[in-house]
Amino acid sequence: VCDATSQDHLLSIAQAAAKLQQDINASVLLCGSAGLAMGIPRAFNLLSSSTPKSLPQHSTSTSSCVLVVQGSSHPVTAGQIGHLLKTESDVLVTEVDSEYQEVSFPLPDRRPEVILLSLRNKAVADFNCLNRAAIQIFETLYPSGLIVTGGSTAASLLNHLSINCLSVAEYIEPSATLSFVAGGPMDSFPLIIKSGGLGSESLISSSVSRLKQLRLTTLKPVIALTMGDPCGIGPEIIAKTATLPDLASSCRILVVGDPESLKKAATFCGNPNLLIIAAETEERGGKLWPRLEWPENESAVLVWNPIKLEMKLDFILGKVMAEAGRCAAEWVIAAVQLALAGTVDAIVTAPLNKEAMNLGGYKFAGHTELLAEYTGAKSSRLMLASDKFKVVHVTGHCSYKDVPSKLTTTRIFWKQSNLLFRSLCPSASLIRK
């Protein structure tokens, strides 16, 4: 029986137990506080600096935000949360109590990098309250990773999320491991659990960084592919390219457009058996969002149409139609919403018809101006880009007679060059030089 008053004492106990096991081949049963666990990996030579050769491909989320659930009121955890708030600039903090019915903050158009969920009264361990709030966040903001502080909190939350088995992947610190859900509806979801009184001050910050890095290195990016004008070549291009093996292996594609137009295009291209799955629509925060349930069959195409057509309308190939132009513009606007919210990683646009778009009520010269308007960009230009060379247009969508008046020193050497440099070199100090 040992009495320990410091972490060093606990490490000494673990080392003594390991020596007993090694010297006399004794079976050692260690019983004690959670702090004793910190010394066991080191004493028994269980630490590993290597990372698994392959981490699971997590596919249950497309968001970049990390959910941190603070279920422990221990001073060590409080210090770690304080460090997180100092080092992370984009943290959405929400506190709940026993009166909680739903998360009290308006769901943001843009997902924060980190969501910190905690109890308003940290002296009362109300697991049910935390569970309800966490589940609502999972159902609305789709976090890409989870960090839970407090062993009892973790046990209760994982049970509510139907997580029954974890596969340990690597150490963040001896007191916290990165694990992946094994089996069930959240299979391969990454999470980190730590007991309240354990870990360095930077442990939660380090855990958030690791989960962010994990998403970038193990998850396929999600591309919103807008259909363009359904009377044009957009549906045909998508029908021919969306299931190419190179694309399926490198990214996930969400087609934003009309499923029926894509079916007709697939038949026209000689691929009538193309599997097209319509994504369901759900409303959150007064806006429409796709329910992203990726098909297991990589040759299938997931299509989301956020637009309610005014009537049952057949889009006629090669014809300028106002309704087709309206749809093309609104599909781009919907894709912008997904990108700003972090639901998708990038947008690719199939061609739209500018005349049809204007007839449909959207008075823009083209994609560039439409994207600029709905992203809130202060300035924008079209860039032509290849791996080795990039060109930014000084003028665009104007007649030849207007070109000379637009070729000013300010426009060329300040406005356009500045915008180009910002896209290539984010450092503001470099741009000034």
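User: At roughly what angle do the axes of helix α10 (residues 322–341) and helix α12 (residues 367–375) cross, and within what distance do they come?

Analyst: Two packed helices are described by the angle between their axes and the distance between the axes. Here the axes of α10 and α12 cross at roughly 45° and come within 10 Å. α10 is therefore oblique to α12 (under 35 degrees is roughly parallel, over 145 roughly antiparallel, 65 to 115 roughly perpendicular, and the rest oblique). Axes are lines fitted to C-alpha atoms, for helices over the stretch in contact, with angles from 0 to 180 degrees between N-to-C directions. Helices (H or I, at least four residues) and strands (E, at least two) are DSSP runs numbered from the N terminus. The model is predicted: local features need pLDDT of at least 70, side-chain atom pairs count only at pLDDT 80 or more, and totals for chains, interfaces and linings use all residues. Residues are numbered from 1 along each chain as its sequence is written, and side-chain values use heavy atoms, leaving out hydrogens and water.

User: Which residues make the contact between α10 and α12?

Analyst: Contact means heavy atoms within 4.5 Å. α10 contributes Ala329, Val332, Ile333, Val336 and Leu340, while α12 contributes His367, Leu370, Leu371, Tyr374 and Thr375. Eight residues of this contact are nonpolar, two are polar and none is charged (Ala, Val, Leu, Ile, Met, Phe, Trp, Tyr, Cys and Pro count as nonpolar; Asp, Glu, Lys and Arg as charged; the others, Gly among them, as polar).

User: In what order do the strands of the open sheet lie?

Analyst: Two strands pair if DSSP finds at least two bridges between them. The seven strands follow the order β2-β3-β1-β4-β7-β6-β5, with mixed pairing. At the edges are β2 (91–96) and β5 (166–173), each pairing on one side only. On average, neighbouring strands of this sheet are turned by 20° against each other, direction ignored.

User: How do β2 and β3 run, and which helix packs on the sheet there?

Analyst: β2 and β3 (residues 114–119) run parallel and are joined by six bridges. Within this pair, valine 91 faces valine 114 of β3. Helix α4 (residues 127–141) packs on the sheet, touching β1 (66–70), β2, β3 and β4 (145–149), and its direction makes about 160° with that of β3.

User: Is strand β6 (residues 176–181) largely enclosed or open?

Analyst: Buried means under 20% relative accessible area, exposed over 50%, and partly exposed in between (1.4 Å probe, protein chains only). Five of the six residues of β6 are buried, so this strand is largely enclosed by the rest of the structure. β6 pairs with β5 in the antiparallel sense over six bridges, and the two strands form a hairpin with two residues between them. Five bridges also join β6 to β7, again antiparallel.
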